[in-house]
Amino acid sequence: MELSKKALGIKPSSTISITAKATQLKAEGKDVLSFSVGEPDFDTPEHIIAAGIEAMKNGETRYTASSGTPELRKAVCKKLLEDNGLVYEPSQIIISNGAKHSLANILLAIINDGDEVIIPAPYWLSYSAMVEIAGGKPVLIYTKKENNFMPTRDELESVYSPKTKAIILTSPSNPTGMIAEEKDLKTVADFAVEKDIFVISDEIYEKLIYNPNKKHISIASFGKDIYDRSIVVNGVSKSYAMTGWRVGYAACPQAVAKVIDSIQSHMTSNPNSIAQKATVAALLGSQDCVEQMRKEFALRCDYIFEREESIPYISALKPEGAFYLFIDVKETYGKKYNGEEIKSASDFARLLLDHKLVAIVPCEDFGMPDYIRLSYACSMEQIKKGMDRLEAFVNELQ
Ligand SMILES: Cc1ncc(COP(=O)(O)O)c(C=O)c1O
């Protein structure tokens, strides 16, 4: 029987496949070090777990409003006001099963068949798949390292068409680790207002910033014109080590929130009631845990970057936030490991896994085929061992 052509056209996530391969090798008893997954290695902080347990004991185990509990939607409004200077009503907030689900809902809510969505590359690989699932067409801008991987006005103009519906931004960025500067965000905001398109602003790594000279700015905070066209996405997975709880949210113009609510009410209903209660504790409780984790990530960031800098043929920009090191491996092309030639970042990644048991992500699916991505959301001990192996691998290239 024929399956959906649209669905068959969607490739599975390469980060998830590499992680699965690494897990399988581990299960076979191999000493694999995985740098592929974007998941903090910390446990969810105690007070958040306690709130979840309390919720279960108190019988908060039933359906909630499909768009989330009033308590959590209010807590999100408080967070957006205090951290980002954004004024939202709870009716503009939709709580979903992770930021990924929020993004999928948003795209389903705004895209008509054939609408185009601008995605500055490199980008988080699920954006383009989600746009396609929603019936839209991803339109990539290949941004430049010297522009901090942000699109220029000329680049934006060059991909604009009357079908352009939205642009997706991520800062701090997965995979580059860069933080968008105010002037670059303003360029995008002016463009979006002039062309009357949506900006979907993925701010999931907001709290993980290591460059003391940079701060997170939400594009929606630049005034009413851009606020009215912005949809801010955030969640608790990365900042609070809550990846498994599956809570994310979107802050939207009223009309968009209403449509997302309708979609979600039919597709999944509410996100987990217990996780919602735990998220209230995360957002309203002490933020010391976030700072502790951020400090630890900052140490790892310094270490991994320093090690990378001392390895020949590969180069990276120092990450400013998130927990990824984005490495250009083009200079290794043409070299051989064990007689096998490296022709792409995928070859580099495969040989590194096969011969040194280090799993990393080649960034073809992130729109930058000459790069690899290493997640340093793992212990310092693992990072040290992994960088020793990466160094040995590169030094053994012929
Ligand atoms: C840029 C970006 N946005 C969203 C997500 C999804 O996060 P969540 O776990 O909340 O679905 C991720 C996860 O890797 C991400 O890297």
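This passage looks at one strand and its neighbours, and then at a pair of helices, in a predicted model.

The burial extends to both faces of β3. On one side sit E116, I118 and P120, and on the other V117, I119 and A121, all of them buried.

The partners of β3 can be followed in turn. Strand β4 (residues 137–142) runs parallel to β3 and is joined to it by six bridges. Within this pairing, E116 lies opposite K137 of β4. The two strands also belong, together with helix α6 (residues 126–133), to a β-α-β unit, and this unit is right-handed. Strand β5 (residues 164–170) is likewise parallel to β3, with three bridges between them. Here V117 is the residue that stands opposite A166 in β5.

Turning to the helices, α12 (residues 288–309) and α14 (residues 380–395) have axes that come within 10 Å and cross at roughly 10°. Because angles under 35 degrees count as roughly parallel, α12 is described as roughly parallel to α14. On the α12 side, the contact is made by L299, R300, Y303, I304, R307 and E308. Helix α14 contributes M380, I383, K384, M387, D388 and E391.

How values were computed
Residues are numbered from 1 along each chain as its sequence is written. This is a predicted model: local features need pLDDT of at least 70, side-chain atom pairs count only at pLDDT 80 or more; totals for chains, interfaces and linings use all residues. Side-chain values use heavy atoms; hydrogens and water are left out. Buried means under 20% relative accessible area, exposed over 50%, partly exposed in between (1.4 Å probe, protein chains only). Helices (H or I, at least four residues) and strands (E, at least two) are DSSP runs, numbered from the N terminus. Two strands pair if DSSP finds at least two bridges between them. A crossover is right-handed if, with the strands pointing away from the viewer, the path from the first strand over the helix to the second runs clockwise. Axes are lines fitted to C-alpha atoms, for helices over the stretch in contact, and angles run from 0 to 180 degrees between N-to-C directions. Angles under 35 degrees count as roughly parallel, over 145 as roughly antiparallel, 65 to 115 as roughly perpendicular and the rest as oblique. Contact means heavy atoms within 4.5 Å.
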